[in-house]
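Biologist: Could you take me through this model, beginning with a single residue and widening from there?

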Amino acid sequence: MMARMEGAWRGGLFATDRRWFFHFGGFDPEMRLYGGEEFEISVRTWMCGGSIEYVPCSHVGHVFRSPEYWQGQVHVVPGEEIALNKLRNAEVWMDEYKDLVKLASMPLPPHTPLGDVSARQSGGA
């Protein structure tokens, strides 16, 4: 099977050139836990001139953490954290369309800041 272009990658498993990944900002250090980073990296990839490809013959491994071998947080991510991450992404990349993400997201608890997104907007990490 041949590789094909994709609009976004799904989930937390992907392969990329390390230098390119860090050149265009790596992971948003202000995102909490996980959830939403695939959307953020997909949009940033397009906006920075990259592409996303689905390569059916590739293999990427993932070791899930379990409480038996890992102390601390194990796959429990409150929905508010995922919503916060998606709202941060919308604030950086979606201009006037960010309000659509707000309408589609669960409400955040009062006084929950998105954090400073200015470094992400200026292209820094």
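Modeller: Leu-100 lies in helix α4, which spans residues 98–104, where helices (H or I, at least four residues) and strands (E, at least two) are DSSP runs numbered from the N terminus. This is a predicted model, in which local features need pLDDT of at least 70 and side-chain atom pairs count only at pLDDT 80 or more, while totals for chains, interfaces and linings use all residues. Residues are numbered from 1 along each chain as its sequence is written, and side-chain values use heavy atoms, with hydrogens and water left out.

Biologist: Is Leu-100 buried or exposed?

Modeller: The classes rest on relative accessible area, with buried under 20%, exposed over 50% and partly exposed in between (1.4 Å probe, protein chains only). Because its relative accessible area is 54%, Leu-100 is exposed.

Biologist: Is Glu-40 buried or exposed?

Modeller: Glu-40 lies in helix α2, residues 37–47, and the buried residues of that helix include Ile-41 and Val-43. Since its relative accessibility is 3%, Glu-40 counts as buried.

Biologist: Which residues does Glu-40 touch, not counting residues up to four places away in sequence?

Modeller: Contact here means heavy atoms within 4.5 Å. At the level of elements, what covers the buried residues of α2 includes α1 (18–23), β2 (52–54), α3 and α5 (118–121). With residues up to four places away in sequence not counted, Glu-40 touches Met-31, Asn-89, Trp-93 and Arg-120.

Biologist: Which residues does Glu-81 touch, again not counting residues up to four places away in sequence?

Modeller: Glu-81 lies in helix α3, residues 79–93, and is buried because its relative accessible area is 18%. Leaving aside residues up to four places away in sequence, Glu-81 touches Arg-32 and Leu-33.

Biologist: What pattern does the protein follow along the sequence?

Modeller: There are five helices and two strands in the protein, and buried residues make up 27% of its 125 residues. Read along the sequence, the pattern is β-α-α-β-α-α-α.
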